[in-house]
Amino acid sequence: MSIPMLKILQDKKLTPLVDINPDLDNLGTESAFSFGAEVLALEKEKKFPQIYKFHIGDTGPTTPEPIIETAVKALKNKQTKYGHFLGFPQVRENIARHVSELSGVEIKIENVMLEPGGKPAIELALQALVGHDDYVVGQNPGFPIYESLAGFYTRGKYIPWLAGYSVANKAVLEFRVEDLEEIMKSGKKVKLLIINTPQNPTGMVLSEDKLSAIAELAKKYKFMVLFDDIYDRILFGGKKHVSLLSFPGMLDYTINLSGYSKNYAMTGWRLGYVVAPAWLIEIFGRLAVNKWSCVSRVNQIVAGAIFGDVELDGVKYESLKEKLDPLVEKDVAEYEHKGKFLVETLRLLEPYVVPNEVEGAFYDFPNIHAVLELPYVKNELKISSDKDFSRWLLYEKGFAALPGGDFGQAGRGHLRLSYAEDRNKHIIPGVKHFVNIVLELIEKSGLKSPLTVIEAEKRIEELTDKYFQD
Ligand SMILES: Cc1ncc(COP(=O)(O)O)c(C=O)c1O
């Protein structure tokens, strides 16, 4: 039997010699990487003096110096061989202690495994859990890799937990636990729910009440929860992160994907950890040996030293915790100022652009439905979706932002704006540029602007002073 041509190959006019796995057609991707490559290519063409970068899912700051010094020390000590397949015991002990403190639940070393980045936990969970008739549920909009990999392993049996528009503000999305319960009640065999807080792409946080209700559903309907809190330290307003593990009995139902990429600006190191019931870590360990053998030995030392002392081969690597805490706090404060500045500036464009409140991570997910409805946008520019708009913004205006629809159907009519980049080079001038673009579109549509370009400039200057005093 011949396999139909797979779309991913068809698009590139590539023809395999043999039949390949047809399930690959369910495998999606995250557009952040390919969009990023397009931005770089456009930058080289020098069409614009500068491209304002709001598409980046990477951190603004680079890795704190004490972490780099520990890695250099480990390399100089010739820590170049294989490491432990799960992570050296002392390293896992330090992580277990950290997660215990965070969640108030006793996490043991047998509940912890290191992984190359946070992402691999998604595939580990699916490979370990999903059987033939099982469904997986995940937030929509959400981090696109959940739907991509879950679609692949379930052969399309992925159910989106769709965000709806809030009653209080009809332009702002929210996830309702009642909608989730409807899915669970439907009788479909849901094995795994995937949730993320603080969330990519919205920058919103799932409240303690919602997490508590989700925990109750997990125990009632007996499904596991992949709890992705990789942005757990990037929280605003002095809020304390709430871990799903902290609810009674939830260590038995939780796979906690976490890591160092975002909190410690270590995306390129490929270092993360997963916390789960001991029986699952046993399976994950088996899968890990089959896939990547172990996390690099230097990374293992760093992973442990971030939370406590590590001693390996007679050399002590001192705990970095006290040195890192103030550095992380400084980074988080900068994210918070940039996020609040972005939101308050976008509010000048209401009702055309409606941002959500930023609570954590480094994203906002403004609603741009009314911009897409502008006569000039629809009839002259022939833009009919957030995707078209994102491409027009990039190629005609030098403003890079991902379309909300790339994060799921409920994200259509939104943009994902990352404010991770440098405030002076990108965020302040870039937001100003975006405001002017939208004001021009309103004017060209023959409609009344919420404010003039000059008024906007003055307000943005005031907001710059308000949020960035240094
Ligand atoms: C919600 C979420 N989870 C996981 C990841 C992957 O993290 P890592 O780079 O550590 O694999 C990302 C990266 O953007 C993310 O946004």
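These questions and answers walk through a predicted model.

Trainee: Which residues are closest to the ligand?
Mentor: Start with the shell. The ligand is surrounded by 13 residues. The closest are G117, G118, K119, N200 and S261.

Trainee: How many residues of the shell around the ligand are nonpolar, polar and charged?
Mentor: Sort the shell by class. The shell then has two nonpolar, two charged and nine polar residues.

Trainee: The peptide bond from N200 to P201: cis or trans?
Mentor: N200 is among the residues closest to the ligand. P201 sits in the loop between β7 and α8. Most peptide bonds are trans. From N200 to P201, omega is near 25°, and the bond is cis.

Trainee: What is omega for the peptide bond that joins E350 and P351?
Mentor: Look in the loop between α11 (321-346) and β13 (363-364), where P351 is placed. The bond joining E350 and P351 is cis. Its omega is about 5°.

Trainee: A361: buried or exposed?
Mentor: A361 lies in the loop between α11 and β13. Its phi is positive, near 55°, though A361 is not a glycine. Count the neighbours: 20 or more other C-beta atoms within 10 Å make a residue buried. A361 has 29, so A361 is buried.

Trainee: And D313, buried or exposed?
Mentor: D313 is in the loop between β11 (310-312) and β12 (315-317). Its phi is positive too, about 50°. The cut-off for exposed is 12 or fewer neighbours. D313 has 10 C-beta neighbours inside 10 Å, so D313 counts as exposed.

Trainee: How far apart in space are K185 and Y221?
Mentor: K185 belongs to helix α7 (residues 177-185). K185 counts as exposed because 10 C-beta neighbours lie inside 10 Å. In sequence, K185 and Y221 are 36 residues apart. In space, C-alpha to C-alpha, the distance is 8.4 Å.

Trainee: At what angle do helix α4 and helix α10 pack?
Mentor: Two packed helices are described by the distance between their axes and the angle between them. For α4 (residues 89-103) and α10 (residues 297-305), the axes are 8 Å apart. Their crossing is left-handed. The angle is about 35°.

Trainee: Which residues in α10 do Q90, V91 and N94 in α4 meet?
Mentor: The contact of α4 with α10 has two nonpolar, four polar and no charged residues. On the α4 side are Q90, V91 and N94. In α10 they meet Q300, A303 and G304.

Terms used:
Residues numbered from 1 in each chain as written. Predicted model: local features only at pLDDT ≥ 70, side-chain atom pairs only at ≥ 80, totals over all residues. Near = placed C-beta within 6 Å. Nonpolar A, V, L, I, M, F, W, Y, C, P; charged D, E, K, R; others polar. Axes fitted to C-alpha atoms, helices over the stretch in contact; angles between N-to-C directions. Helix = DSSP H or I, 4+ residues; strand = E, 2+ residues; numbered from the N terminus. Left-handed = near helix turned anticlockwise from the far one by under 90°. Contact = placed C-beta atoms within 7 Å.
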